[in-house]
Amino acid sequence: MIKDSVAGTLESNDVLVEISNNDSGRIINLESPVKDMFEEDILKVVNNVLDEFNIENITINLKDQGALDYAIAARVRTALKRGLK
Amino acid sequence: MEMPFIRSALFIPANNPGMVQTAHLLGSDAIIFDLEDAISLSQKDSARELLNEAFKFFKKDSVVRIVRINPLDSPYFYDDINMVKEFDIDFIMLAKADVESVIALENEIKDTNIKIITLIESASGVLNLKDILSASDLVSGMLFGAEDYSLDMQIERTKQSDEILMARQSIALTCKALNKFSLDTPFTDVEDFEMLNIDTKKAKAYGFTGKACINPRQVRYVNAIFTPTQKEIDYAREVVYAANKAKEDGIGVFSLNGKMVDAPIINRSHLVLENAKKAGVINE
């Protein structure tokens with residue numbers, strides 16, 4: 001069971017990640033100025049981290065401000081670790 | 001132990017992606033990714049994760065990587081070390097370093113290639129510097145933190161820095177005697193470049209090998225002062241040329257332009273040329 005948690009910021013080059021528990025698989029909601037071009041890449045980064053944590057049921061809301069892959073992965077990992085504490 | 005070439009070391013908050021990913025482009029010889037004072041207590045975990053991912057994502061280049069961790073008496077010391085020791089970095093900077101914390105850090109990182117920079121920021125730190133620097137072979141150098149030192153001494157910090165003169169000279173002397181590099185305290189007024197120049201020239205004159213910066217705009221001033229001047233380079237070349245000739249002729253001490261030249265001056269000239277080469281101002 002994952003607790004609601006948050007990581008990241010709304011500053012440029014960052015992403016705000018909010019996670020909450022659900023029973024309906026992975027629901028990933030993305031807001032991003034580069035969504036049209038990079039949605040697939042961003043979701044891949046998020047799913048890779050979720051795979052690493054073996055998490056199948058979760059809702060993740062991402063408010064992206066142009067974060068690179070490493071920053072997205074870091075913020076998702078932080079949110080998950082906080083949620084799993 | 002070979003000294004790293006660090007004229008300037010720029011502090012960067014470790015939880016800011018925009019700054020972390022561009023830090024290596026700002027011209028400093030080293031970056032200090034800060035997990036301590038620049039990071040609020042609630043964001044320590046987030047900053048560690050960001051650095052972890054950043055160092056996997058960005059390959060290491062010629063800029064020296066330093067991570068400042070929280071002190072031993074904080075709840076974050078071991079959490080920091082457990083993650084940071086896996087990073088592709090050159091140094092861990094230990095806040096509020098003393099003999100006990102240096103040994104504790106050494107025990108955790110002795111199987112890595114990471115070396116230690118001690119942050120000296122108290123009266124006892126300055127007084128016990130020789131013991132702190134000698135507490136582990138992993139200690140390569142130190143940074144003087146004059147703001148906390150002044151707080152500990154209950155003295156007013158001024159731009160002229162007369163109040164830290166003895167501490168600075170004592171630190172530079174101890175580091176030189178133990179063959180450790182010494183980074184001077186940052187100049188905290190990021191708008192006053194005239195005083196930054198004066199302060200940096202003082203640090204160089206005392207024997208510091210470099211200086212910390214807290215703003216990217218300070219870097220070029222600090223680099224310029226810690227780079228050998230053309231006059232120093234020209235003289236060093238003359239000395240080395242004359243020394244080589246004297247050696248061929250079997251002469252130990254010789255005179256150059258009316259002044260006696262002996263081993264310390266020759267050694268210093270080699271160092272000037274070596275630093276000029278590392279700074280990219282000469283090729284050979």
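How many residue pairs are in polar contact across the interface of chain A and chain B?

Guide: The model is a predicted one, and across the interface of chain A and chain B the rule finds 11 residue pairs in polar contact, counting pairs in which both residues are at pLDDT 80 or more. On the side of chain A that touches chain B, the residues divide into 7 charged, 5 nonpolar and 2 polar. Salt bridges are found here as well, 4 of them across this interface; one that can be inspected directly joins A:K81 to B:E49, where the closest N and O atoms lie 2.4 Å apart.

In terms of residues, 14 from chain A are in contact with 17 from chain B. The two chains bury about 1400 Å² between them, and carbon and sulfur atoms give 49% of that area.

Widening the view to chain B, one finds a division into domain 1, covering 8-226, and domain 2, covering 230-278. The centres of these two domains of chain B, taken over C-alpha atoms, are separated by 33 Å.

A disulfide is a covalent bond between the sulfur atoms of two cysteines. For B:C175 the closest cysteine sulfur is that of B:C213, and because the distance is 18 Å, the two are too far apart for a bond. Seen from B:C213, the closest cysteine sulfur is likewise in B:C175, again at 18 Å. Both residues are buried, B:C175 with a relative accessible area of 1% and B:C213 with one of 0%.

Technical notes. Residues are numbered from 1 along each chain as its sequence is written. Chains are lettered from A and ligands numbered from 1 in the order in which they are written. This is a predicted model: local features need pLDDT of at least 70, side-chain atom pairs count only at pLDDT 80 or more; totals for chains, interfaces and linings use all residues. Side-chain values use heavy atoms; hydrogens and water are left out. Domain bounds come from an automatic or database domain assignment. Contact means heavy atoms within 4.5 Å. Buried area is the accessible area (1.4 Å probe) that two parts lose on being put together, summed over both. A salt bridge is a side-chain nitrogen of Lys or Arg within 4 Å of a carboxyl oxygen of Asp or Glu. A polar contact is a pair of N or O atoms within 3.5 Å; within protein, one must be able to donate a hydrogen and the other to accept it, and residues adjacent in sequence count only if both atoms are side-chain atoms. Ala, Val, Leu, Ile, Met, Phe, Trp, Tyr, Cys and Pro count as nonpolar, Asp, Glu, Lys and Arg as charged, and the others, Gly among them, as polar. A disulfide is a pair of cysteine sulfur atoms within 2.5 Å. Buried means under 20% relative accessible area, exposed over 50%, partly exposed in between (1.4 Å probe, protein chains only).
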